[in-house]
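User: I've got a model open and want a quick tour of its side chains. Can you walk me through it?

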Amino acid sequence: MKFKAILMDRDGTVIKEKPGTYLCDPESVKLYKNTLKAFKLFKEMGYKLFIVSNQSGIGRGYFGEDAVKAVNGRMIKLLKKAAEIDGVYYCPHAPGENCNCRKPAPGMGLKIIKEHNIDPKVSFMIGDKKSDIDFAENIGMRGVLVLTANGKKQRAKYADKLKNTKICLDIYGAAKYIKEISK
């Protein structure tokens, strides 16, 4: 049996991000106002939930994997108020390392699809960057751009390339959109 899933970017989509900074302190993890409502709705609709995140701060030497794991742990603890997360995946490489796991490369997504028996045709990727939308396309999922963190600047910068992409105010808007089109 194949499952449907929601893949989500971490920083700037699920948790607050100040663009241009690297989050490595678990005490700084803050959910967006509507994140818990979105996660409850995703679970009510029967989706498996995954976080997929580029964490180039590791590859750049700004912090270690322990910091990323601590931030992820804090995020998971906060999200448990609404839903259990089925998996957290991250790429530790710097942009110039040419790995297959750094979004928009398909590595993390293909791993999730294989390991969790996910049907990409009925699954979604939500993020605040064009690379998240390209990642969705590269793994056969539909992408949704949210206007939190980097989203507004990305929409303006790549308007012509995002014209066929659904754009929502935040992750809860994306959840309501997915519910609407999944009826």
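**Side-chain tour**

Analyst: Start with Asn34, which sits in the loop between strand E1 (5-8) and helix H1 (35-44). Helices (H or I, at least four residues) and strands (E, at least two) are DSSP runs numbered from the N terminus. This is a predicted model, so local features need pLDDT of at least 70 and side-chain atom pairs pLDDT 80 or more, while totals for chains, interfaces and linings use all residues. Residues are numbered from 1 along each chain as its sequence is written, and side-chain values use heavy atoms, without hydrogens and water.

User: Is Asn34 buried or exposed?

Analyst: Buried, because its relative accessible area is 15%. The cut-offs are under 20% for buried, over 50% for exposed and partly exposed in between (1.4 Å probe, protein chains only).

User: Which side chain does Asn34 join in a polar contact?

Analyst: That of Asp170, at 2.9 Å. A polar contact is a pair of N or O atoms within 3.5 Å; within protein, one must be able to donate a hydrogen and the other to accept it, and residues adjacent in sequence count only if both atoms are side-chain atoms.

User: And Glu115, where is that?

Analyst: In helix H4 (residues 107-116). Glu115 is partly exposed, at 47% relative accessible area. Its side chain makes a polar contact with the side chain of Tyr89 (2.7 Å).

User: Is Cys91 buried or exposed?

Analyst: Buried, at 0% relative accessibility. Cys99 is partly exposed, at 22%.

User: How many aromatic pairs?

Analyst: Five. Rings of Phe, Tyr and Trp (its six-membered ring) pair if their centres lie within 6.5 Å; planes under 30 degrees apart are stacked, over 60 edge-to-face and the rest tilted. Phe39 and Phe42 have ring centres 6.2 Å apart and planes at 70°, so they are edge-to-face. Both lie in helix H1, three residues apart, about one turn.

User: What about Tyr47 and Phe124?

Analyst: Edge-to-face, because the planes are at 70°, with centres 6.3 Å apart. Tyr47 is in the loop between H1 and strand E2 (48-54) and Phe124 in strand E4 (residues 124-127), so the pair ties together parts 77 residues apart in sequence. Both Tyr47 and Phe124 are buried.
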